[in-house]
Amino acid sequence: MLRIKALALMETRLSCWFLVLQRGYRLASIKNVCQLSERKRQSLLYPFSHLEGHLSSQVNQAQFKIFHPSLEELRQAETLFTPSSKHVINYSTSAVRMDHVPVLKQPEVCFMGRSNVGKSSLIRALFSLAPEVEVRVSKTPGHTRKLNFFTVGKAFTLVDMPGYGHMAPQDFVEMVEPYLQERHNLARTFLLVDASAGLQSTDLVAVEMCEEFNLPYVLVVTKIDRTRQGALLALSLELQDFIKKQTTACFPQPFLVSSVQFSGIHLLRCFIAHVTGKLQHSSKQS
């Protein structure tokens, strides 16, 4: 009897989780997002807008809207992540050393972060309009062991990098440092930070590496759906202050995302389109 009840409970949870994912993937498209109420649409497209009402009047809100594209610009960026017969999006190859890395001329962006920060889930959300693209997501930290390359037509390449921290592959440094130093077509590095954990010591090492190599990078706060608004606002202010006072190569605006609810995914797509030169946007700094 207990076993039957346990199986029934598991089926119920799996069913609920499937419905959450199904609803989330429906929101992968701007067209469906625009069917939401104005408040929900703004919160999903521009996640920080949901926190603005809690800001002190002394805080300059403009610092969180340096990159604030229009709805039309978000639509334009979405076309880059939508496959067609002339615009193929797929997994290309993997590499563990620089002599295995494909020679490509198109712009490249890479995603890196601690193991279990939600990196693969975020990449899968970005590519959700191309469901045939296989981005493996595992509950086991440290699943990604190589540099995985995904080509987005002739527009740009996205690289999923191994996670760092205690679950990092043994040859992580030998694999990652040469890539970051020698990859001339690397347009931007996206450094992921877990919303519930904030900047950890290993994240600071990654920041120092980007600063040492003078790489343009941006902080992306993941799993914001799991964090209370007050804690998320405090972290956003902390990161903005950290970027301003302790970095020189980091984009001044941190990005907030949820791979489950699709919050911030459209904005991040648009930023990628912008930094790879596929979309013009009059941001104050890029």
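1. Basis. The model is predicted, with local features needing pLDDT of at least 70, side-chain atom pairs counting only at pLDDT 80 or more, and totals for chains, interfaces and linings using all residues. Residues are numbered from 1 along each chain as its sequence is written, and side-chain values use heavy atoms, without hydrogens and water.

2. Overall make-up. The protein chain has nine helices and seven strands (DSSP runs numbered from the N terminus: H or I of at least four residues for helices, E of at least two for strands). Of its 286 residues, 52% are buried (under 20% relative accessible area, 1.4 Å probe, protein chains only).

3. Contacts. Of the contacts (heavy atoms within 4.5 Å) between residues at least 6 apart in sequence, 75% join residues at least 24 apart.

4. Phe190. Neighbours within four places in sequence aside, the contacts of phenylalanine 190 include Phe111, Val218, Leu268, Phe271 and Ile272.

5. Ser29. Serine 29 lies in the loop between helix H1 (2-26) and helix H2 (30-33). Serine 29 counts as buried because its relative accessibility is 15%. Not counting residues up to four places away in sequence, serine 29 touches Glu78, Leu129 and His266.

Methods
Buried means under 20% relative accessible area, exposed over 50%, partly exposed in between (1.4 Å probe, protein chains only).
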